Amino acid sequence: MHHFQYQNGALHAEEVPLARIAEEVGTPVYVYSAATLRRHASVFREAFPADTVTAFSVKALSNLHVLKLLASEGLGADVVSVGELERALRAGMKPDQIVFSGVGKRREELRAALRARILQFNVESEAELRTLSEVAEEEGIEASVALRINPDVDALTLPGISTGKKDDKFGIPWERALETYTLARDLPGLKPDGLDFHIGSQITSLGPFERAAERAASLVRELRGAGFDIRRLDLGGGLGIPYADGDQPPLPSAYAEAVTKITAGLDVQLIFEPGRVIAGNAGVLLTSVVLTKHQTTKNFVVVDAAMNDLIRPALYGATHRLLPVAQKEGDPSAYALVGPVCESTDKFTDAAMLADPQAGDLLAFGTAGAYGAVQASQYNTRPLVPEVLVDGGSYKVIRRRPTLDEMLALEE
Ligand SMILES: *Cc1c(COP(=O)(O)O)cnc(C)c1O
């Protein structure tokens, strides 16, 4: 469910024509829908028991204005760096709804999070347990720790975004869970009172979530049997969304029903870390056609967005629905759709179906709200792509396009 729809043949974000944003802000530009973000946040949150922490995965879409909106919907944050922690705090997210994930947190990052009194550190190695213990002692602040255990579950997703198999770099191996909890209990300054799983991203069936939740529930029981006071169970993120027509990932309500059935009776506070399912369908990347080009056997459309603005196709072979901003008459044919960056991987698709594309035509990449703007770079000295937030009949620029002087200033 999202709010990017055609009205009289013109694609709108809520009540604002995308053509107007392109005209006033320029392209390429990310456009988000506030109504869609609010709806996704409330649908997810309401699917779970009231004491559940819904910690939005900030890495999916980290603009401060978006985080503020999600904070006002009652969401917390899952952060993976001190920079994301700062964003979450500035956006008004409550420290007791913030968890800190990541496989390589630095000492100063741990310190900042301790001082902020966040809810939980998701720790993935013995080495980090030892560092966290030292910093907690220095600060005189006890750290609530959840160990991220790798359940060795195949998430059945793209290989580039699977994280829960035994040789992925993430998590602590299942067989070493008990000894690592014991180490955490023995180290000063740590309170190992949570358990954390995260098996991957863009997961489109319930099976992997159910298997992971079953493993988590049995581990909670085992740990309690060994004397650990486990109070929180963090089941991570990963719920998939429809990128193409016909994709039918589980709805948040079905996901919630499946996992809460398994965790019922455990008497733990649940934590989830959804990213994509909140932000993905709430954004599009708006671009315009620079030119068309006919090679020997192939027709190309070159747009002004490139892999530096939206890297998912080049990085994982992901595809995005392509929507003409003004619907056109005529039979569509297949074009390779590419950006201007000097890399052959700067290609969005080989088979964009377009009717008579012309320079200046506007196109929108659908489902670009998550892992879009956040992964943008200035490769080829292209300015970092701006972001716009539409709310009803109006919009605001929530990150403006830098000028060339601003881009070069750090090098002077
Ligand atoms: C990326 C990530 C998430 C969010 O994943 P989505 O697929 O966007 O829901 C949650 N938790 C951790 C630890 C992550 O690395």
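**The domain interface**

Guide: Across the interface of domain 1 and domain 2, the rule finds 1 salt bridge; such a bridge is a side-chain nitrogen of Lys or Arg within 4 Å of a carboxyl oxygen of Asp or Glu. This is a predicted model, in which local features need pLDDT of at least 70, side-chain atom pairs count only at pLDDT 80 or more, and totals for chains, interfaces and linings use all residues. Residues are numbered from 1 along each chain as its sequence is written, and side-chain values use heavy atoms, with hydrogens and water left out.

Visitor: Which residue forms a salt bridge with Arg 321?

Guide: Asp 245 does, with 3.0 Å between the closest N and O atoms.

Visitor: Where do the domains lie in the chain?

Guide: Domain bounds come from an automatic or database domain assignment. Here domain 1 comprises 4-32 + 280-409, and domain 2 comprises 102-272.

Visitor: What area is buried between domain 1 and domain 2?

Guide: Buried area is the accessible area (1.4 Å probe) that two parts lose on being put together, summed over both. For this pair the value is about 790 Å², of which carbon and sulfur atoms give 52%. In domain 1, the residues losing the most area to domain 2 are Tyr 316, Arg 321 and Thr 367, together 56% of what that side buries.

Visitor: How many residues of each domain are in contact?

Guide: Contact means heavy atoms within 4.5 Å. By that criterion, 9 residues of domain 1 touch 9 residues of domain 2.
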